[in-house]
Amino acid sequence: MGRKKQGKFVRPDNKGKDKRHKVKGKSLEAFTEEMHTALEASLHPEEGAEAPQVKLPCPLAMWELGHCDPKRCTGRKLVRKGFVRNLRLNQRFNGLILSPMGTKYVTAADREIVAQNGLAVIDCSWAKLEETPFKKMVGSHPRLLPYLVAANPVNYGKPCKLSCVEAFAATFCIVGFEELAHLLLRKFKWGTVFLELNKVLLKRYAVCQSEEELLAAEKEFLTSKPEGEEFDPFDVDSGVESMNLNRRPCAPEDDSSEDTSEDEAESNDEAGVVPHDEEEVTASSSQ
């Protein structure tokens, strides 16, 4: 009994696969438009709306390890407000991740990664680094932040000791999305002070297109500081704090809480305070 002759094999055209490879996320123009819309919705809520739900143009996320006081954690407050989602250990995040395990610094070149895939932070204590499971916080784009000074009440004036919201805002400023930095920071009484304290550095970092340029700008700033500064950027006073780890530790420190108290922060949530140095903000902070 004869076999049926096999026809010539024709490779499928894989149109679906080609389409998946060709399709990209939203354009930077569309992202910018959504950013403007989100800020306007935050600044000018509809009449009678007590707490409008503002949709951000990119996802924000956080691995929360439970090391800090819930009443002082800016990351948890942003989760409650619907701006940030919590990630589980071993859950992958495809956007930029601010982590002390990073080997590269955030620069303006990361703009598209943030626009397409978002931004995540790690919320844990400097004093518990050894027990923090960084390998279970998975992603392709870990980054460090350059030198910046904290404005949160727990660590005001200290370099490198940023809260979660300050880390988010710093990154947005560096990659050129300052309006999102304003949107998040205005949820805290002290929020826009962070931009004022760091406005010189923010301007310098924002124009750096490479890590080499950014580190050179950081070094120039640190070495040109007047002798009468309040603090030495490489001599961080020890204290109690727990915060988002967005860069390598400056020095070993005691455990503590991360941010301002919830009660203090809540009173400004819907106050509608418009940041006043908006056009001066363009970059972020470092070590």
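Reply: Helix 5 and helix 6 are roughly antiparallel to each other, a label given to angles over 145 degrees, while under 35 is roughly parallel, 65 to 115 roughly perpendicular and the rest oblique. Helices here are DSSP runs of H or I with at least four residues, numbered from the N terminus. This is a predicted model, in which local features need pLDDT of at least 70, side-chain atom pairs count only at pLDDT 80 or more, and totals for chains, interfaces and linings use all residues. Residues are numbered from 1 along each chain as its sequence is written, and side-chain values use heavy atoms, leaving out hydrogens and water.

Me: At what angle do helix 5 and helix 6 pack, and how far apart are their axes?

Reply: Two packed helices are described by the angle between their axes and the distance between the axes. For helix 5 and helix 6 (residues 178–185), the angle is about 160° and the axes are 7 Å apart, where axes are lines fitted to C-alpha atoms over the stretch in contact and angles run from 0 to 180 degrees between N-to-C directions.

Me: Which residues of helix 5 make the contact?

Reply: Val165, Phe168, Ala169, Phe172 and Cys173 of helix 5 meet Glu178, Leu180, Ala181, Leu184 and Leu185 of helix 6, contact meaning heavy atoms within 4.5 Å.

Me: Is helix 5 enclosed or open?

Reply: Since 12 of the 12 residues of helix 5 are buried (under 20% relative accessible area, with a 1.4 Å probe and protein chains only), helix 5 is largely enclosed by the rest of the structure. Helix 5 is followed by Gly176, whose phi is positive, near 95°.

Notes: Buried means under 20% relative accessible area, exposed over 50%, partly exposed in between (1.4 Å probe, protein chains only). Helices (H or I, at least four residues) and strands (E, at least two) are DSSP runs, numbered from the N terminus.
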